[in-house]
Amino acid sequence: MATNAPGNEGRPPPRPRESTRNGRLGQVAWAVIASAVAGLSTYYSSLTRTPALVRSLPASYALCAEGHRVFTVDEAKPAVDCILVDKHSVAATGTLSDVQLAWDEYQNELIRTFYGNEPTAKKPLPVYNVPAGSIVVPGLADAHAHIIQYGFKMQLRLDEAQSLSEILDLLENYVRDNSPSPDTWIEAMGWDQTRWSDTDGSFPTAAELASRPSLASLPIALHRVDVHALWLSPRALSLTKEHLNGSFPSTIPGGEIVRDPTTGEPTGIFVDAAMNLVPIPKWSAWQMRDYAERTVKDALSVGLTSIHDAATSLEEFELFREMDDDNQLPIRVYAMADSDRLSPADKNDIEIYDPSPAAHVRMRSVKLFTDGALGSWGAALLAPYSDKPEARGIMRLPEDDLLKLVREWWHKGWGVNVHAIGDRANKAVLDAFENVSDDKDEVAARRPRIEHAQIMRVEDLKRSGELGVLTSVQPTHATSDMWYAETRLGPDRIKGAYAYQTLLKSSRNGVLPLGSDFPVEGINPLLGFYAAVARLNTEGKSPHGESGWFPSERLTRVQALKGMTLDAAYASFSEDVLGSLAPGKRADFVVLDRNIMDESQPFSDILETKVKATVVDGKVAFGGI
């Protein structure tokens, strides 16, 4: 425990600086003489490896991980021993001597200004050392996630099922434990038919949900893991048909009702835009608050300090602001307004909300959708699917409509971030950004984003960089999809898929924001770090063996850390205050129990890593030092 005098709240912070010992002899001498005259030494307390965790930090302190184990993601000083924190910001970085000198200079300035140069007015600097073997990294960011949906998914974990039978077991257990009324909709998320051991990988059907007596009469709506397909029970189908005045439409722009090829009747699967036809009751305000609080709690426990919420409704945005006003939002949320959930009136009235780059709630970009997902054969392809020749995917926004919408938001001054997975969708998005302005530098300055950039023509990998379009990718998508992706795409198209190293090298500014798309994937950012550098699943396997899936597309550990810190900050226009541990930036950092940056260690060690502490604005938000 620290037992030091309080810091200097309300006084000027130390000047942001990067301390070095060169050219400091005069200053050191002055400091030593001043201390000797006053009978004082440098003020600090060293707290090393105490059993009790420090959960409440003073306003000013030094944090050290000896042996250059503070990985700053700052090009000027990428690895240091210590950082000096003053209130919510990093004031200096370097060796312990460096930060002590910076503190002494700050104290000297204070006593000259406020205390008549009285040396006894100087305050001690608490120094905290992380446990042996631990490292410090900047606060981790997820550049593409879904906050409310994660909390919802955690209520009933369909993603844990490895078979259709297990899905039905989970649902039966839920019904037994909760005793829903016959009119209560059961809604859950996470099924993935490509992982089931007892089916052929085809879409499931309503009849299979009705095969268990306790489920047969209930309205059940289950979202696929990618949230691009909905699986309905017979009762849910009946209620949907009734809602549609007794008949299902034969075609749905941007979507599909999967039908039995023999009878022509819906099988129970609604894809993309067709999901909007299903009258699932909306979540209440208290449910959304509950879901959000669960997500924030879990995010902090895995080291996340910033999340880009990739499709925020107005209700969700107001909830985030409410939580921030209540001081219940310790993470930073960069919201992308969900264009699909904005009414015409909303589109006219909505305004950018960006109080400051370090604010805990911001919304200055919009999220558009072009196509579906690969797992549900909805990703829009230029040529038919290799494993389903009758399908080319779904363009939720045809090319002309996409360009019109991009222009509309662009000219309003909003950032434009577009979901695109298939090669047709990615080409359409790049065409739109190319046509929205003749000035490529202007396009790059606006930092437009492709969310996912999953399957691209080889020439479009390069074109994205030339245009200055940011490709926001999710490494765990590669390791989740790798078992069926080549079957879907064939040996030629796969060369432009999940090509992270190529995308990074093609980028104008060497920027590749990394995210997870949770709850589609796990919330732990170290799963993404592992997937990016190893290209293996968590069992150390891939379709190409233990060397990794297309290992040439691996990122280095340095690149991966930058992708989930500084690059994510750049993608949210906050790189000047977030994303690295540099003087003047916010003191958002994470203490990990082992060195994930050590290239000599096996990839599997990354998966064993635990978060010891998550600190936001200089204050412990999870764990302890």
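Which helix and which strands each supply at least two residues of the lining of the largest cavity?

1. The model is predicted. To take the opening question at once, strand 15 (304-312), strand 16 (332-338) and helix 19 (566-571) each contribute at least two residues to the lining of the largest cavity. Strand 15 gives the largest share, four residues.

2. The largest cavity holds about 200 Å³ of space. It is lined by 24 residues, and Ala141, Ser306, Arg332, Ser574 and Leu578 are the closest to its centre. By type, the lining comprises 11 nonpolar, nine polar and four charged residues. A search of the whole structure finds four cavities of 30 Å³ or more.

3. Overall dimensions come next. The C-alpha trace spans about 95 × 55 × 55 Å along its principal axes. For 625 residues, a compact globule would have a radius of gyration near 25 Å, and the value of 27 Å found for the protein therefore agrees with that expectation. Of the 625 residues, 57% count as buried.

4. The secondary structure comes to 20 helices and 23 strands. Among contacts with a separation of 6 or more, 74% are between residues 24 or more positions apart.

5. In soluble globular proteins, nonpolar side chains tend to be buried together. In this model the largest nonpolar core has 135 residues, and Trp191 and Phe529 touch the most other members. Helix 11 (residues 423-436) provides the largest share of this core, seven residues. A second, separate core has 21 residues, including Val70, Val90, Ala587 and Val591.

6. When neighbours within four places in sequence are left aside, Trp191 is in contact with Leu158, Ile167, Trp196, Phe203, Pro204, Leu222, His223, Arg224, Val225, Ala229, Trp231 and Ile269.

7. Which residues lie nearest the centre of the second largest pocket? They are Arg195, Thr479, Ser480, Glu521 and Thr538, from a lining of 27 residues. The volume of this pocket is about 750 Å³. Helix 3 (147-153), helix 14 (475-481) and helix 17 (525-534) each supply at least two residues of its lining. The lining residues of the second largest pocket divide into 12 nonpolar, eight polar and seven charged.

8. Most residues other than glycine have a negative phi, and most peptide bonds are trans. A cis peptide bond, with omega of about 15 degrees, joins Phe518 and Pro519. Pro519 is found in the loop between helix 16 (500-506) and helix 17. Asp517 is also found in the loop between helix 16 and helix 17, and has a positive phi of about 70 degrees although it is not a glycine.

9. Is Asp517 buried or exposed? With a relative accessible area of 7%, Asp517 is buried.

10. Phe573 is another residue other than glycine with a positive phi, in this case near 55 degrees. Phe573 is found in the loop between helix 19 and strand 21 (589-592). Its relative accessibility is 18%, and Phe573 therefore counts as buried, the cut-off being under 20%.

Methods. Residues are numbered from 1 along each chain as its sequence is written. This is a predicted model: local features need pLDDT of at least 70, side-chain atom pairs count only at pLDDT 80 or more; totals for chains, interfaces and linings use all residues. Side-chain values use heavy atoms; hydrogens and water are left out. On a 1 Å grid over the protein atoms alone, a cavity is a set of points where a 1.4 Å probe fits but cannot get out, and a pocket is an open set with protein on both sides within 12 Å along at least five of seven lines; lining residues have an atom within 4 Å of a point. Grid points are joined across faces, edges and corners, and a volume is the space filled by probe spheres set on the points. Ala, Val, Leu, Ile, Met, Phe, Trp, Tyr, Cys and Pro count as nonpolar, Asp, Glu, Lys and Arg as charged, and the others, Gly among them, as polar. A nonpolar core is a set of buried Ala, Val, Leu, Ile, Met, Phe, Trp, Tyr and Cys residues joined through side-chain atoms within 4.5 Å. Buried means under 20% relative accessible area, exposed over 50%, partly exposed in between (1.4 Å probe, protein chains only). Contact means heavy atoms within 4.5 Å. The radius of gyration is taken over C-alpha atoms; the globule rule is 2.2 Å times the number of residues to the power 0.38.
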